[in-house]
Amino acid sequence: MSHSKLSVNLLWRLALVIGLTFLSACACKHDVKASGAGKQSQVHADESIAMAGQPQSEVTDSSKGVENPIPGPAVQEADAKPKQAPSEAPSKQVAVVAKSDGKALAVDGGEKKADINMDVLIERLKQTPAIGVFTKLAIRGDILDLKDEIQTYKQKSMLQSKLDDIRARFDGLLIKIMALLQADPALSKDLYTARESIWKSLLGANT
Amino acid sequence: MKHLLLTIFALSLSVAPALAVTPAEDIATTIMLRGYDCGGRQVTNIDEQADGMGNKTIRATCPNGVRYQINISADGRVQVKPLR
């Protein structure tokens, strides 16, 4: 390994360590705040239940979001407080709703399909650091071989009979590329999403 | 929480070098992509030669002891063959 690459690796690891330390510090603060809020809400709940005359044994931890079996008005107020406390909660809830909604997913998928640009995908494949130069050349050679084969079958008017075999080879090649792109999951996902468009362009490129 | 962070840290250390592919890893991947067994993810004893026509010849030894020759033509075609 060359000296420059070694130093880049070291720098990368150092950046990761700093990032993780920062994340852990944030997480610890968040835990402290959350536990503090939980304790406060528990205190509020205890006080309000005592005022409402409910037995304390029936109280569950409101910070965990478990519903009280007998929710009095005061308890409901106490339960409402911790739900409003974290500022990140609304955005997370929106995301969850969007994910759990089938229509939203379909719309999202439609937008992604519309956004697929073959030139951009090819450029991203060329630029990705997850695959080395020689491997990229080997993949390029495989794709060119497949294109040549399609062209040959077209000239012999045998494309329809060989379509299943060529599709199987295409799928195999795509799986190989996706396996190589483990360090670039976004590109891997986009390639898989665009597989039908790639297949059509591969067939259409030789017409 | 600590265990989770330690796990993430360990994973990040193992994933980090994978982002920057070294020539040794690249050549090993190319050999495996052509269907040859390499016995590991990195080759050793890399010997690279280029002629004036733009063709390149690389010889490398896999962890299983087999030495391979990789020919890269000027138009970017890659050919791998084991050396006896």
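Reader: Why are helix 6 of chain A and helix 2 of chain B called roughly parallel to each other?

Author: In this predicted model, helix 6 (residues 133-155) of chain A and helix 2 (residues 23-33) of chain B pack at an angle of about 25°, with their axes 7 Å apart. Angles under 35 degrees count as roughly parallel, and therefore the two helices are described as roughly parallel to each other.

Reader: Which residues of helix 6 of chain A and helix 2 of chain B meet?

Author: V133(A), F134(A), T135(A), A138(A) and I139(A) from helix 6 of chain A meet D26(B), I27(B), T29(B), T30(B) and L33(B) from helix 2 of chain B. By class, this contact has 6 nonpolar, 3 polar and 1 charged residues.

Reader: Why is helix 2 of chain B described as largely enclosed by the rest of the structure?

Author: A residue is buried under 20% relative accessible area. In helix 2 of chain B, 8 of the 11 residues are buried, so this helix is largely enclosed. Among the buried residues are A24(B), E25(B), I27(B) and L33(B).

Reader: What makes strand 1 and strand 4 of chain B stand at the edges of the sheet?

Author: The open sheet of 4 strands in chain B has the order 1-2-3-4, with antiparallel pairing. Strand 1 (44-50) and strand 4 (78-83) each have a single partner strand, so one side of each is left without a neighbour in the sheet.

Reader: How do you know that strand 2 and strand 3 of chain B pair?

Author: At least two bridges are required for a pair, and strand 2 (residues 56-61) and strand 3 (residues 67-72) of chain B pair in the antiparallel sense over 6 bridges. The bridge partner of T57(B) in strand 3 is N71(B).

Technical notes: Residues are numbered from 1 along each chain as its sequence is written. Chains are lettered from A and ligands numbered from 1 in the order in which they are written. This is a predicted model: local features need pLDDT of at least 70, side-chain atom pairs count only at pLDDT 80 or more; totals for chains, interfaces and linings use all residues. Side-chain values use heavy atoms; hydrogens and water are left out. Axes are lines fitted to C-alpha atoms, for helices over the stretch in contact, and angles run from 0 to 180 degrees between N-to-C directions. Angles under 35 degrees count as roughly parallel, over 145 as roughly antiparallel, 65 to 115 as roughly perpendicular and the rest as oblique. Contact means heavy atoms within 4.5 Å. Ala, Val, Leu, Ile, Met, Phe, Trp, Tyr, Cys and Pro count as nonpolar, Asp, Glu, Lys and Arg as charged, and the others, Gly among them, as polar. Buried means under 20% relative accessible area, exposed over 50%, partly exposed in between (1.4 Å probe, protein chains only).
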